[in-house]
Amino acid sequence: MNKRLAKKVLVLGWDAADWKIINPLLDAGLMPSLESLINKGVMGDIATLDPVLSPILWTSIATGKTGDKHGILNFVEPIPDQMELRPVTSTSRKCKALWNILSQNNLKSNIVGWWPSNPVEPINGTMVSNFFQKVSSEQMADWKMQEGTVYPDSLSKTLAEYRVHPTELQAEHILPFIPKAHLIDQTNDKNLSIIGKNIAECASIHAAATWLMENEPWDLTAVYFDTIDHLSHGFMRFHPPQMAGISDEKFDLFKDVVNGIYRFHDMMLERYIKLAGEDATIIILSDHGFHSDHLRPKRLPTEPMAPALEHRQFGMFCISGPNIQKDERVYGATLLDITPTILTLFGLPVGKDMDGKVLTQVFDKPVTPEYIDSWENIEGNSGNHPAELQQDPLAAAEAMKQLIDLGYIEAPDEDKTKTIEKVINETQFNLARIYLFKEQADLAEPILETLYGRTPSIARYALKYAECLQKLRKFDICVSVINHIKTLDKKELPHLDYLEGVLLVSQNKPRKALPLFKKAMETIAHMPDIHVKVGEAFIKLKEWDEAKNAFSKALEIDPENAGAHTGIGIALLRKDELEDAADHLLSSVSLIFNNPLAHYFLGEAFYRLEMYERAVEAFKVVTTYQPGNRKAHAYLVKLFTNHISNPIEAKKHSDFIMNNIKGTITIVSGMPRSGTSMMMQMLAAGGLEILTDNIRANDENNPKGYLEYQKVKSLASDNTWLHEGQNKVIKVIAQLLQHLPSNYQYKVIFMEREMEEIIQSQQIMLGKKAEVEKKIYPTALADTFKKQLEKTRSWIKAHPQFEVIYVPYTDVITNPTEVIENLSLFLDADLNTEAMVNAIDSKLYRNRKKSN
Amino acid sequence: MDEKKKSILINKKIIFSNSETIANGSLGLLALGAVGIKAWRKKRLEEAMKLKNNQKDE
């Protein structure tokens, strides 16, 4: 076991707290307690997850795992064995939380108000659930506390008395937030009640937490406050600067609420610092930020979870205590890193099944975390709920539905059933979003396909399904979904042009995407993402200055847009502005560390700047996130061979490439006589290496050469020679594609030509010119070929290692430059356009169909 | 709202402080947590008793 680095750890969760609000308050000396922690500790941004929904996020913070692993996926859930809904409960969590792991290692925890934590778990220590502070009656005398709110139960009566009821609050409690409260007509304006309720709940949680810290032994105390989030949702629109559409009167009344609640949290923090003591490690964090400037949404759509659109991607994080660096910044932290870091503070190993990493950079000395496979495999008294209490609510709801359908149980009324179905759909939707966030589109696809099939009129589901299909490169289905979306209510689809543009860019058709992005800008020019996508289109077109301008526009709107920093870094790299490129790429990874693309280009920038050690760091990060990234491994081989002499490392990466990463093979395919030889000639002229043995000589049917490889003919019986084709181009007719081995990646250029022309050309080649002249058309043969082509297309779609671009023969003849541009993007290669155009001999376009 | 109540609210001092020795009835006591709530409720009770006694004398 590692050395314990923290005597005690105090975690304060300030839901939605944002540096953009805190920084001006710090500068004005209005948050002195937080300032004291920052000065003697480490602070930074913390990246949230998607979807940005608090019960999911706070469970990810407490487990180090994403929602698909911990099982908390919504605000509400069906009650097992009943067709009713309830707030999401702790019994739905399907893995251990931090407090369970500490329990089984004889460490005591006080957990107060965590979301979700009802019913409380029998841990080593105490637990007060997130129902504790909820006001359930108008009068204090009637305010009962339900069972399961406090563990151990012996503390229930004591702690219940510390709850604060809103009716107890006086003017002094409200006026700091609304100095002109006396001007409010409370019959029409409920804002005073809202503030009163939130302050009361906040005070209840704080009272329970401070009482436990003073009266119960503890190693970890973790307290969750939702007040900043709730009051931000209610009052951020009144926060300065005054938003358009907000009256002067309302602005004047409520402009101090947001600052007020932050200052109150700082006042509470003073108490926590005193109670925790000098030798405690204190962590303060939020699960996401909250837009407070020009990025505040002007209005919210009428859809579930719409308030989440007010959340900002980056929350705040601060840690201070023994063995922690002083007055430093941390970069690249995410919510998933908190549990691994706290486990390391306690000298405990981190589960390899956790999705987060230990924030080793916060420690003042190098720390080597320990790992085990999973804490789920370790027996012990973890204080989890007993097995019979733990239930998957969705599975239970399904089971319930079955009993109803079978007639064993009376069906609830239609409204109730519809509501429950909506919740189940939304929970599944959240799960799909988590998979997409984790770049597991293949796992998201079946969920979204089902949702789309079940509720095709819900635009959000359809849009997400289209996004998923685009990531999976299932473009045909994606286009059909987008066509369906176009038939839905236009009010819900402000971004359809944008989505279509994104699809075209991913299909390597950036020039066609640009007009759609331009149209989308009529409504969403204020959103940074549209400018990022325009920039990405220009990157594909290698128009570096235009790309730089687009990304700059995105950064003007949002200086913390990681995608824009990455994009502008790439553009600057290509313009040989290496230092500026590195600067932007560093900004990108400091915002979002899990960004292998940015790390890759950062590595390239460092390499070219001859900063070889840093280049190694960057490429190693790439290979951690993308073990199969051949180019990153290749760079590491070069670095360890030529610049930082380390033959062992060099060999390690070179062996890895040899044993694990098969290269990409470019295939030119299609029916015989569809233009495959012409395409091979073009690619050879363009600078690509062709795999050919030149055994088949030129002839009158192909005067410029076939460029074939004889071994292809026996592909069906022997495909072991394919390694010869790595990073080269091979011609393989359509009917033989299915015999290509699956352990390579293939880029297929599939030639298309009118069947009539193909058949005629084949007939002539076979010496059947007379039949052609007599217009004898072998219909049966044509039909067979058509069916084979359809089958080949379907086969390609079903095999993800095949990436395909369909190239009409006539387009090559009539519009070669555009075809070559598309090929260049598809192959990610710098092709010699002029040479390729010159390789085309339109006089060889014989056997034209009459209409051509 | 009657004029008397309004004047009380206008005249109330708005206190936002981090000191533990803040006057009773302000946010400061809530910010102290459990000990502050105990003290605040005790003070309110004392004030209520005092008011009751004053009204009796009148």
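I started at I667(A), which stands opposite V748(A) in β19(A). The model I am reading is predicted.

I then looked up the two strands around that spot. Strand β17 covers residues 664–669 of chain A, and strand β19 covers residues 745–752. I find them paired in the parallel sense over six bridges.

Next I noted the helices on this sheet. Helix α28 (residues 676–686) of chain A lies across β17, β18, β19 and β20. Its direction runs at about 165° to β18(A). Helix α33 (residues 816–827) of chain A also packs on the sheet. I have α33(A) touching β17, β19 and β20, at about 175° to the direction of β20(A).

I wrote down the strand order of chain A as β18-β17-β19-β20. Four strands form this open sheet, with parallel pairing. Which strands stand at the edges? I get β18 (729–731) and β20 (802–808) of chain A. Each has a single partner strand, so one side of each is left without a neighbour in the sheet. Neighbouring strands are turned by 20° against each other on average, direction ignored.

**Helix pair**

I moved to helix α8 (residues 191–215) and helix α9 (residues 227–235) of chain A. Their axes are 10 Å apart, and they pack at an angle of about 170°. I therefore log α8(A) and α9(A) as roughly antiparallel to each other. From α8(A), the contact uses N191(A), I194(A), I195(A), N198(A) and C202(A). From α9(A), I list T227(A), H230(A), L231(A) and F235(A). I sorted the residues of this contact by class: five nonpolar, four polar and no charged.

**P340(A)**

I looked up P340(A) in helix α12 (residues 338–345) of chain A. Is P340(A) buried or exposed? I have P340(A) as buried, because its relative accessible area is 0%, and under 20% counts as buried. I left aside its neighbours within four places in sequence and listed its contacts. They are G64(A), V350(A), M354(A), G356(A), K357(A) and V358(A). I also checked P340(A) against I695(A): 355 residues apart in sequence and 61 Å apart in space, C-alpha to C-alpha.

**Chain B**

Along the sequence the pattern reads α-α-α. Chain B has 58 residues, and 28% of them count as buried. I note that chain B exposes about 4200 Å², with carbon and sulfur atoms supplying 53% of that area.

Notes:
Residues numbered from 1 in each chain as written. Chains lettered and ligands numbered in written order. Predicted model: local features only at pLDDT ≥ 70, side-chain atom pairs only at ≥ 80, totals over all residues. Heavy atoms only, no water. Buried < 20%, exposed > 50% of the residue type's maximum accessible area, 1.4 Å probe, protein only. Contact = heavy atoms within 4.5 Å. Areas by Shrake-Rupley, 256 points an atom, 1.4 Å probe, with all protein chains shown as cover. Axes fitted to C-alpha atoms, helices over the stretch in contact; angles between N-to-C directions. Parallel < 35°, antiparallel > 145°, perpendicular 65-115°, else oblique. Nonpolar A, V, L, I, M, F, W, Y, C, P; charged D, E, K, R; others polar. Pairing = 2+ DSSP bridges.
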